[in-house]
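Student: I'm new to this one. Could you take me through the aromatic rings, slowly and in one go?

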Amino acid sequence: MHSTRQRLGIVVTLSLAGVLAPGVPAFASHDNHGTDPDNRNQYIKKVALAPNSDLAANYGKDQLERSVITTGWGSGDIEVYDEFYGNTGWYGYTDCTDWNVLWTSCDIIRVRFNLTNMAVGGTTTNTWRSLGCHEFGHTGDLGHRNSATDTDNNSCMREEIWPLNFDQHDLNAIDSGV
């Protein structure tokens with residue numbers, strides 16, 4: 001049985017733990033996509049992109065700039081490629097090619113635009129912009145959203161529709177997670 005002094009110490013300790021614990025970040029199946037950037041300054045390298053892929057990369061960069069992440073052109077953080085990857089089922093794909101030593105963040109994030117699937121159905125400029133926003137959202141550690149987590153249908157992190165921008169929820173999630 002604990003004495004009154006011991007119980008008071010436990011209560012104070014637990015209370016302080018709740019106060020000192022970090023806040024819970026915004027979450028809508030966003031985090032843990034596997035592409036946590038290693039810092040808030042990201043340099044982007046475009047590797048011989050076709051015009052539409054270049055447009056998508058530029059637009060994605062602009063959307064990422066709306067968050068706490070600053071970007072510049074160069075190499076070392078985000079590498080953007082395009083190719084006719086075939087009928088893979090994906091329009092774009094983002095993954096980590098170089099984890100840091102502790103496997104807690106990604107030093108080099110690869111973004112790929114699939115020219116095969118984007119050519120099907122004749123995509124528009126806005127579709128390319130939406131794809132750029134979506135894939136660059138993954139570089140800020142955003143995951144996919146659906147109608148339950150994006151009830152006003154305005155997040156480019158949706159998979160089944162093509163909105164153009166990050167919504168405020170996306171920006172909050174990036175800002176709290178990086």
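Tutor: Let's start with Arg112, which lies over the face of Tyr85, at 5.7 Å from the ring centre. For a charge to sit over a ring, NZ of Lys or CZ of Arg has to be within 6 Å of the ring centre and within 35 degrees of the ring normal. Lys46 is placed over the face of Trp73 in that way, 4.3 Å from the ring centre.

A quick word on what you're looking at: this is a predicted model, where local features need pLDDT of at least 70, side-chain atom pairs count only at pLDDT 80 or more, and totals for chains, interfaces and linings use all residues. Residues are numbered from 1 along each chain as its sequence is written, and side-chain values use heavy atoms, leaving out hydrogens and water.

Now the rings themselves. Rings of Phe, Tyr and Trp (its six-membered ring) pair if their centres lie within 6.5 Å; planes under 30 degrees apart count as stacked, over 60 as edge-to-face and the rest as tilted. That rule gives four aromatic pairs. In one of them, Tyr85 and Trp90 have ring centres 5.2 Å apart and planes at 45°, so this pair is tilted. Trp90 is buried, at 18% relative accessible area, and Tyr85 is partly exposed at 23% (buried means under 20%, exposed over 50%, partly exposed in between, with a 1.4 Å probe and protein chains only). Tyr91 and Trp162 also pair: their centres are 5.2 Å apart and their planes at 75°, so they sit edge-to-face. Tyr91 is partly exposed at 36%, and Trp162 is partly exposed at 35%. Finally, ring pairs join Tyr85, Trp90 and Tyr93 into a cluster.
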